[in-house]
Amino acid sequence: MNTFCSIFSQLLQLFPRWEFQRRVQETRAERHARGFTCWGQFVAMLFCQLGRAHSLREICDGLASCEGKLAHLGITRPSRSTLAYANEHRPWELYQQIFLDLLERCRQRGPFPKKFRFRNKLLSLDATVIDLCASVFDWARFRRSKGAVKIHMLLDHEGYLPHFAIITEGAVHESRIASTLHFDAGTIVVMDRGFTDYRLYGRWTEEGVFFVSRLKSNADYGVAEDRPVPERGSILKDQIIFWKSPKGHQDCPHFFRRLEVLRPETGDVLMLLTNHLTLGATTIARIYKDRWQIELFFKALKQNLKVKTFVGTSANALKIQIWTALIAILILKFLQLRSQWDWHLSNLAALLRLNLFTHRNLWHWIDHPLEAPPGAVPLVQQLELSYS
């Protein structure tokens with residue numbers, strides 16, 4: 001006899017109802033609510049992500065088709081107008097808090113294996129643009145005939161889990177968000193050259209925060225020292241530099257390190273900039289190479305979850321859907337880290353979608369996804385014929 005509820009219901013157990021209701025009260029999300037709870041809205045939007053529903057009709061009809069299995073989820077089938085109104089008016093900050101609570105539980109599963117030997121916290125900082133139709137999302141104008149929003153994110157290289165996220169309009173520059181962030185001394189932040197800001201570099205250096213970035217080709221600098229480089233390897237130059245321009249020297253009166261790194265696969269030469277003067281040059285190059293993990297994270301987010309088309313056009317509805325997508329990918333990351341099976345994230349998302357309302361033990365399924373559940377195949381006993 002199968003004693004397990006659906007896999008979707010077991011996933012929802014990652015969000016304790018008492019903690020969820022506490023966040024609802026803190027954000028006053030159910031103020032003036034009439035019957036349709038925030039929990040019902042959250043379950044519907046999470047079903048939109050994990051079930052790949054393309055519209056409000058598909059969300060509501062998909063849940064209606066599983067009407068017999070909704071009781072254990074604690075919801076009833078919502079109507080399209082009710083769900084649309086809730087997405088437009090209920091605060092998106094509730095979903096941000098749910099994301100942060102789930103992230104804390106994922107971190108408690110650590111410590112995760114580290115790729116680098118040093119003890120410093122390693123974070124990647126980057127942003128991705130989500131294109132929107134300017135005529136429909138008129139509040140998110142990015143260019144003359146284009147709309148967009150940006151997801152700014154910090155990725156923790158210990159487990160490759162998102163450390164921080166913020167959603168802004170597409171016109172908000174990355175360096176503006178970076179200037180609002182504060183890190184513990186000793187943290188290493190990896191970013192591309194779109195975050196170039198000498199004043200920010202100076203503040204981080206004074207606070208003991210290290211960074212690794214790309215140096216712009218038109219940077220005005222002077223060389224104070226040429227360091228020896230390994231005879232065999234991809235490091236071409238290792239120099240100590242300073243800013244020559246009066247404005248650059250005023251904003252950042254510190255010494256930095258400039259590395260020229262050869263990419264063997266393409267033959268290109270990367271010019272890296274860092275304020276860490278003691279790490280090995282090869283380690284600095286490996287740190288910047290590992291920044292590619294945040295690009296892979298954004299790629300997985302866009303390919304496996306619903307962040308390219310939206311079921312609402314208001315800013316609030318869009319942010320709710322994006323935060324739900326971040327919650328969903330955190331669930332996938334959590335399952336991937338806990339599983340003994342060698343899952344690819346895209347394969348896990350696809351098979352989870354197909355088995356969302358299957359009644360199986362979730363934790364046994366992620367370890368043995370291709371095995372039949374116990375009791376699914378009846379044992380047939382061979383009849384014995386007695387010959388006289």
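Trainee: Why is Arg52 called partly exposed?

Mentor: In this predicted model, Arg52 has a relative accessible area of 25%. Buried would need a value under 20% and exposed one over 50%, so Arg52, at 25%, is partly exposed.

Trainee: Where is Arg52 found, and what is its phi?

Mentor: Arg52 is in the loop between α3 and α4 (56-64). Its phi is near 55 degrees, which is positive although the residue is not glycine. Most residues other than glycine have a negative phi.

Trainee: Which loop holds Arg28, and is Arg28 buried or exposed?

Mentor: Arg28 sits in the loop between α2 (17-27) and α3 (38-50), and its phi, too, is a positive value near 55 degrees. Its relative accessibility is 53%. The cut-off for exposed is over 50%, so Arg28 counts as exposed.

Trainee: Let's turn to charges. What makes Arg22 and Glu26 a salt bridge?

Mentor: Side chains of opposite charge can pair when their charged atoms come close. Here the closest N and O atoms of Arg22 and Glu26 are 3.5 Å apart. The rule asks for a nitrogen of Lys or Arg within 4 Å of a carboxyl oxygen of Asp or Glu, so the pair of Arg22 and Glu26 qualifies. Both residues belong to helix α2, four residues apart, which is about one turn of the helix.

Trainee: How do you know that Arg22 and Glu26 are partly exposed?

Mentor: Arg22 has 34% relative accessibility, and Glu26 has a relative accessible area of 45%.

Trainee: What makes Lys121 and Glu158 a salt bridge?

Mentor: Their closest N and O atoms are 4.0 Å apart, and the cut-off is within 4 Å, so this pair is counted too. The bridge links distant parts of the chain, 37 residues apart: Lys121 is in the loop between α6 (93-107) and β1 (122-132), and Glu158 in the loop between β3 (146-156) and β4 (161-169). Lys121, at 30% relative accessibility, is partly exposed, and Glu158, at 23%, is partly exposed as well.

Trainee: Which parts of the chain does the pair of Arg199 and Asp251 link?

Mentor: The side chains of Arg199 and Asp251 meet in a salt bridge with an N to O distance of 3.8 Å. The pair joins helix α8 (residues 198-207), which holds Arg199, to helix α9 (residues 246-251), which holds Asp251, and the two residues are 52 apart. Arg199 is exposed, with a relative accessible area of 54%. Asp251 has 17%, and buried means under 20%, so Asp251 is buried.

Trainee: How many salt bridges are there by this rule, and which residues are joined into one network?

Mentor: The count comes to 18 salt bridges. Through shared partners, Arg22, Arg23, Glu26 and Asp101 form one network.

How values were computed. Residues numbered from 1 in each chain as written. Predicted model: local features only at pLDDT ≥ 70, side-chain atom pairs only at ≥ 80, totals over all residues. Heavy atoms only, no water. Buried < 20%, exposed > 50% of the residue type's maximum accessible area, 1.4 Å probe, protein only.
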